[in-house]
Amino acid sequence: MTIPFLPEGHFLPTIKNQTACASLQGLQTAMAEGQILEGVARLCDADHNLEVALGPYTGIIPRKEAALGIAEGATREIAILSRVGKPVCFLVEGLDEAEGGLRLRLSRRAAQQKALDWMLASLHPGHVIPAVVSHLEPFGAFVDIGCGVTSLIGIENISVSRIPHPGERFTVDQTINAVVLDLDPALKRIYLTHKELLGTWAENAAQFSPGMTVSGVVRGVKEYGAFVELTPNLSGLAERREGLQEGDRVSAYIKTMLPDRMKIKLLVIERLNNLTAPSEPLHYFITEGCLEHWRYAPPGCTKSGYETIFAPS
């Protein structure tokens with residue numbers, strides 16, 4: 001499925017956008033056709049109106065037009081302030097003569113409403129979509145799924161391996177993939193998940209074999225051992241070792257792998273310097289399409305594991 005409304009910033013560098021913003025004729029055509037454009041918000045004035053640079057012209061997004069929910073008080077002012085220096089999408093709603101030249105009246109809210117209406121009507125549970133991380137909280141990651149429309153990926157849905165904070169997996173402005181978990185047209189909300197794209201137990205375990213020594217991150221310390229994350233969707237259990245703490249990066253020897261029980265037995269070799277940890281990009285096993293069912297456990301496994309059924313909306 002082609003997604004016509006991408007996260008803010010994706011349309012800004014395109015020839016189509018640059019051409020439309022560079023001339024009066026291009027802006028007039030965009031206004032007549034209802035074409036969504038993008039520019040960079042260069043300042044926010046004391047009344048929280050955004051000023052947008054558009055080639056030789058200046059555009060103004062009034063405060064109430066700066067984001068969905070601002071006029072109703074459902075969206076915080078930080079949604080406007082945080083756009084300064086960043087791309088913003090908009091519809092051109094008017095061209096006015098002003099002192100110093102032409103000034104354009106723009107609406108980001110209208111562009112977001114157009115994108116949200118399309119998504120609620122066209123997307124279904126299981127659809128894989130692009131997103132950009134916009135904000136991180138202890139409970140999850142807020143992401144832009146198109147034209148600044150925001151959705152939440154709860155921390156429990158980020159990966160199979162449990163993490164203390166979404167910042168362990170994502171960074172702000174990172175482009176990721178996500179899966180539509182559910183839609184609520186009445187509340188105008190789209191719910192997302194992410195872990196299903198990072199692979200099943202078998203897909204992740206195929207990268208390893210007994211006898212290897214690999215690096216990992218300690219995600220839990222118990223009386224009987226330490227859980228070491230090898231990939232975001234794969235962990236093994238290491239024998240207990242004094243001094244290990246959650247968050248420690250370690251090297252670990254793979255002793256055995258038991259697919260029928262989804263178990264990997266490890267031996268921690270040593271603690272590693274966290275400052276030298278490589279920044280590993282997320283590896284997606286699925287990047288497009290529409291999922292109907294996802295099961296983490298391999299066939300014949302005696303443990304159930306995670307399972308997601310994407311019911312049609």
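Analyst: Tyr296 has a relative accessibility of 6% and therefore counts as buried; buried means under 20% relative accessible area, exposed over 50%, and partly exposed in between, with a 1.4 Å probe and protein chains only. The model is predicted: local features need pLDDT of at least 70, side-chain atom pairs count only at pLDDT 80 or more, and totals for chains, interfaces and linings use all residues. Residues are numbered from 1 along each chain as its sequence is written, and side-chain values use heavy atoms, with hydrogens and water left out.

User: Which aromatic pair do Tyr296 and Tyr306 form?

Analyst: Rings of Phe, Tyr and Trp (its six-membered ring) pair if their centres lie within 6.5 Å; planes under 30 degrees apart count as stacked, over 60 as edge-to-face and the rest as tilted. Tyr296 and Tyr306 are edge-to-face, at 6.4 Å centre to centre and 80° between the planes. Tyr306 is partly exposed, at 33% relative accessible area.

User: How many aromatic pairs does the whole structure hold?

Analyst: The search finds five. One of them joins Phe5 and Trp118, which are tilted, with 5.9 Å between centres and 55° between the planes. Phe5 lies in the segment before α1 (15-21) and Trp118 in helix α4, so this pair ties together parts 113 residues apart in sequence; helices (H or I, at least four residues) are DSSP runs, numbered from the N terminus.

User: Are Phe5 and Trp118 buried or partly exposed?

Analyst: Phe5 is buried, at 11% relative accessible area, whereas Trp118 is partly exposed, at 21%.

Methods: Helices (H or I, at least four residues) and strands (E, at least two) are DSSP runs, numbered from the N terminus.
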